[in-house]
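Thank you all for coming; I would like to take a few minutes to walk through one model with you. Please look at the sequence and the structure together while I talk.

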Amino acid sequence: MSATVLYMSMSFDGFIAGPNETPDNGLGDGGHRLHEWVLPSGEYDRGVTRPRGVNGQIFDEMMATGAVVAGRGTFEPADGWGGDHHDGVPIFVVARGEPGLDVTSWPLVSYVDDVTEAMTRAKEAAGARNVLVHGAGVTRLALTAGVLDELELHVVPVLFGQGRRLFEGLPAEQIELERARVSWLLSTRAGDLPFTPQPGVKTTFRSITVDGEEVEFSEGFGDLHTRVYEETLAGRGFRIPDARPSVELTHRIRRTPVTPSDVVLRHPMLAAL
Ligand SMILES: NC(=O)c1ccc[n+]([C@@H]2O[C@H](COP(=O)([O-])OP(=O)(O)OC[C@H]3O[C@@H](n4cnc5c(N)ncnc54)[C@H](OP(=O)(O)O)[C@@H]3O)[C@@H](O)[C@H]2O)c1
């Protein structure tokens, strides 16, 4: 399912821009240090470069988004990215007043005065893809309205001391962040079954456990393929928009590098191998 994802580069002490921000000095004094990982030349006109390693993975994720939501404070000092942030995806700019740039010749750009509306329209436009979110003010508005699904911060090992903080001006209440931990095991080894297989009777086991509650769904798949073909031939098959989220998720999983995981996160059956 599509998510609104905040992508920001932040100093270790929580700043997303240096001091003395002006329209001509959008990231403040020394602020471009935060973007060195993607902009080694420091010159925005020369465009961003896909970095190597894990930074490249974050870059790819950002560039795979299907819409952008940014605050005026981000969009306008960046000269509106020339009307196209990446790949011609729509851009929704959160601001209450009139545009401070001439956007009449930029069909991808819409000014929206409500963050929830901006996020909703961006999700609609992005379809199955995620929405890239940028801006400190927008972060505050979106967190308060409960419309920011994920935070993906690129924490740069530098202390700024001063500048613009990312998490500032939030209401005095705690926002608990969740981290989904998914461990799964797909095995064709009969020995992994929690029972002795009986050929022709029961040879498969499917189960999912969410928050400690297990649901077994091993049964009911016997004539799955026959039923799928019957439904497809009857014109009730899945169409491309139905299948697209699954295909994209599979694509993402397949592109995710294998990393040695914490023993605690390993599937218990895997640990026993
Ligand atoms: N380090 C990074 O990765 C990174 C990435 C992006 C941006 N930045 C930096 O972040 C800074 C921009 O952040 P920012 O906090 O100024 O702004 P922002 O999130 O880009 O924009 C916030 C805008 O939201 C509008 N706004 C405020 N309250 C609102 C409300 N209640 N309803 C609707 N709109 C509302 C305001 O525009 P109006 O006054 O018109 O309403 C305000 O300018 C810049 O320095 C930029 O360079 C850093």
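What you see is a predicted model, in which local features need pLDDT of at least 70 and side-chain atom pairs count only at pLDDT 80 or more, while totals for chains, interfaces and linings use all residues. Residues are numbered from 1 along each chain as its sequence is written.

With those classes, the shell around the ligand has 12 nonpolar, nine polar and five charged residues. In total 26 residues surround the ligand, and the closest are Gly71, Gly73, Arg96, Gly135 and Gly137; a residue counts as near if its C-beta atom, placed from the backbone, lies within 6 Å of the molecule. Two or more shell residues each come from strand S1 (4-11), strand S2 (15-17), strand S3 (67-71), helix H2 (72-75) and helix H4 (136-145), and H4 gives the most, with four residues. Helices (H or I, at least four residues) and strands (E, at least two) are DSSP runs, numbered from the N terminus.

Turning to the sheet, six strands form an open sheet in the order S5-S4-S3-S6-S1-S7, with parallel pairing, where two strands pair if DSSP finds at least two bridges between them. The edge strands, each pairing on one side only, are S5 (109-112) and S7 (150-156). Four bridges join S4 (residues 91-94) to S5, and Val94 stands opposite Val112 in S5.

Which strands does H4 lie across? They are S1, S3, S4 and S6, and H4 runs at about 105° to S3; axes here are lines fitted to C-alpha atoms, for helices over the stretch in contact, and angles run from 0 to 180 degrees between N-to-C directions. Helix H3 (residues 115-126) lies across S1, S3, S4, S5 and S6 (131-134), running at about 160° to S3.

The axes of H3 and H4 come within 9 Å and cross at roughly 90°, which means that H3 is roughly perpendicular to H4, a term used for 65 to 115 degrees. Val115, Thr116 and Met119 of H3 and Val138, Leu141, Ala142 and Ala145 of H4 make this contact, for which C-beta atoms, placed from the backbone, must lie within 7 Å. These contact residues divide into six nonpolar, one polar and no charged.

Definitions and conventions. Ala, Val, Leu, Ile, Met, Phe, Trp, Tyr, Cys and Pro count as nonpolar, Asp, Glu, Lys and Arg as charged, and the others, Gly among them, as polar. Two residues are in contact if their C-beta atoms, placed from the backbone, lie within 7 Å. Angles under 35 degrees count as roughly parallel, over 145 as roughly antiparallel, 65 to 115 as roughly perpendicular and the rest as oblique.
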